[in-house]
Structure formats: C-alpha cells, structure tokens
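This report goes through one protein model for a reader who is new to structures. Please look at the sequence and the 3D view before reading on.

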Amino acid sequence: MIWNTILLAFREIKRNVLRSVLTILGIVIGVGAVITMVTIGGGATEQVRQQIASMGSNLLMVSPGKRLGPGRSVGSIPFKQADADAIARDVSSVAAVAPVSSKSIKAIFGNQNWSTQVTGSDNQYFRVTNRYIKSGRNFNDSELRGGAAVCVVGETLRQKLFGGQQALGEKIRLENFSCEVIGLLAGKGQSTMGMDQDDIAVIPLRTFQRRIAGNQDISLIQVSVREGGSTEKVQGDIERLMRERRHLSPSEDDNFTVMDMKEIANMLTGTTQLLTALLSAVAAVSLLVGGIGIMNIMLVSVTERTREIGIRLAIGALEREVLMQFLVEAVVLSSFGGLVGIVLALTASIWLSGVLNVPFVFNVGIVIVAFLFSGAVGVIFGYFPALKAARLDPIEALRHE
C-alpha cells in the first residue's frame, strides 16, 4: 500500500513539475546553506588547529608584562638569559627552552631588499617551534658563544632576495652588518593570525644582542613541554619560578605572562564554532520558509483535487488512506529538496574550500541530520493539509466544481 502511495505522490509531482520545483526551492536553499556553513566552519576550525600545532607542540610562551588585552601590557621588565636557563634547569617535564628576541629589519642582497622579521635565538628555537632545516645546517656552539654573523632564512625571504639563485654561502645585509646564510628553513605557511611564518631570518641570540639590540634583554621565552607532560603543571611551575626570580611578594600581581598555546587554540576554535553555529541558525530559517511553502502548495492541491478526494472517499477509501497520500506527497517533496540541497552543498563546499584555502572536512553527521530534518519539515507542514483532505465530506466534495 505504501508503495502505491509513493507512486501516486510522484505522479502528482510530475503533473506540476514547475510548481513542485518552486515549492522545494526553500528546502534546497535551507539544507544547502546549513551544510555549506557547517562544512566551511569545520574546515576553518581544523585550519586553526593545524596552524596552532605548526607553531609548536605543547608550547608555552613566557612574555614580560601583564597582558591586559591584544597588544597591551604593563610592567614590562625584559627577561635575561639566566631566566631561560632557570626554567630549563628547575622546571620538570620541559623538553626544550628557547630564549627569543625579534625585530623587523630590512634585509638586503645585491639590488634586492625586503623587510623581514629577524629573530635571535639558539638551536632550541627550531625544536620548540617545529621548524626544520631543509638544506644547510643550524648554528654550531662556537657561533652561538661568539655571536657569529651567520643566519638561517625562511622560504619567503629566500625567494624575495635570491629568487632562483643559490642562497647557501651567500651574505645578506641586516641593518648594519652582513651575515652568511648557512641554512634554509622548510616552509610553514601563514600563522593563525595571518602572519607569514616563512618571512624570517634566525641568527644567534648573542649576535642579535650585540649587533641589533645593543643590550642583553630577551623579549620572549618559548617552552616546549615533553609528550605526556601536563602543560598546566608546567605553566604553574614557571609562574612560581618567575615570581621568585622577580622578587614579587604575595600581594603583588605578576609582571609577566605565561600563555598556553592550547588555550589560544581552544579560544580560536570556540570562536569559529560559535560563528558557524550562528550562521547555520540563520541559514536554517530557509527551512522554515520552505516548510511554509510546502504547506501553502499542499493546501492549494487539496482545493484543486477536492472532487478527486470525494470520489475516493465515496468508493470506500478510508480517511487514513487519504491522509497518508497527501502526507507522503509532502514528505517526498521535502526529501527530494533535501537530496538536491545536499548535492549542491557538497559541491559548493568543495569549491569554497579551494577558494578560501581551508581544508574540506566532510561532516557525515550534519548531512544525515539535514536530510532527516528536511523530511521532518514535510511531515510537520504537510500534516494539516493532509488532515484537511482526509476530513472532507464526500457528498460536499463531489459537488465541488
């Protein structure tokens, strides 16, 4: 019986193809928009996770000053090398510690110049930040101790200064001194904040302090926690150690900040997920509009087919059979709209992922939910017209012109 009902539903849909297409348009748009928003949002969230992970595994950032907000801090007393050494020596579960100082400087080679980020650190910097030297080498001990004029450059800086030329062994000028390129870093792409991580030149920390900064200050200490270690515990240990080294009384606030990159990742992914949910909720309104359209057309269909319904009731059709016929028609319409919406959404998601340069993350859960929801829209909004058809008086229906 149900199969015959479905066939009748398809026959009625084929009888008014244009009207049926316009009826399901709201469902198609609603389902397509919801799936597209969730898929692109999921890709953006995954991209944030990957970019945070690329900055370093289990990474803690120890910076001077109490952070009040983006770009704002107070009590900014720089660190010294002894502070980094104390963290490496006294804090357990630490895999590597890298003291860092940075400055934006113009790099010059021949007639090419480019403003880049020059970072002074040691070999632990490459380990902490998950950076790999694809050719050449890192610093040796004598270069680190003596503050040698050597550097390891990122892919973007190499392209801007050297193009297709050989870079290893060449000398580039950084501010008022020249340094030899001894290594080339593997590419990492953009960071979560949109900064190019390959636009960089790394030099020994002592070289940076002598040739560029003119002091012994350290602006950042990056700490990598061992696999299996608790970043929360290490963060607490570092905070206690820094308070002790900075001679802060219990009543005084910290004049430094220890940031866990996991917390930043959770904050950023939470933001993208919230935005995705809000956009999906707005898109879901189209499903409501589509449901109202189905109800409207089904009511028109009941009016147009009043005489047909009267004949069926007069020759013995039961009310529940008439109810089922119109209900199935509404469900078939909405479900077909859901299928079309899913196909369009996946196509649009793949295209937008390429345009926006985010990973395509196929979420089978939202596809199933969207399809089931489209079917539920047919049931909910088709029930009243179907009930109206089933309750028609056969005699009055036969008299209908």
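The model is predicted. Its protein chain exposes about 20,300 Å², and carbon and sulfur atoms supply 60% of that area. Of the 401 residues in the protein chain, 46% are buried.

The protein chain contains 13 helices and 12 strands. Among contacts between residues at least 6 apart in sequence, 78% join residues at least 24 apart.

Ile 292 belongs to helix H9, which covers residues 261-304. Ile 292 and Gly 26 are 266 residues apart along the chain, yet their C-alpha atoms are separated by 9.0 Å.

Confidence is the next topic. The protein chain has a mean pLDDT of 80, and 82% of its residues reach 70 or more. The table gives the two strands where confidence is lowest and highest.

| Strand | Residues | Mean pLDDT |
|---|---|---|
| E3 (lowest) | residues 72-74 | 46 |
| E7 (highest) | residues 150-153 | 94 |

Over residues 69-74 the pLDDT is below 50. In the model, this stretch has nine contacts beyond near neighbours in sequence. Where pLDDT is low, predicted coordinates should not be read in detail.

Notes:
Residues are numbered from 1 along each chain as its sequence is written. This is a predicted model: local features need pLDDT of at least 70, side-chain atom pairs count only at pLDDT 80 or more; totals for chains, interfaces and linings use all residues. Side-chain values use heavy atoms; hydrogens and water are left out. Helices (H or I, at least four residues) and strands (E, at least two) are DSSP runs, numbered from the N terminus. Buried means under 20% relative accessible area, exposed over 50%, partly exposed in between (1.4 Å probe, protein chains only). Contact means heavy atoms within 4.5 Å. Accessible areas come from the Shrake-Rupley method with a 1.4 Å probe; for residues, only the protein chains shown count as cover. pLDDT is the predictor's confidence in each residue, from 0 to 100.
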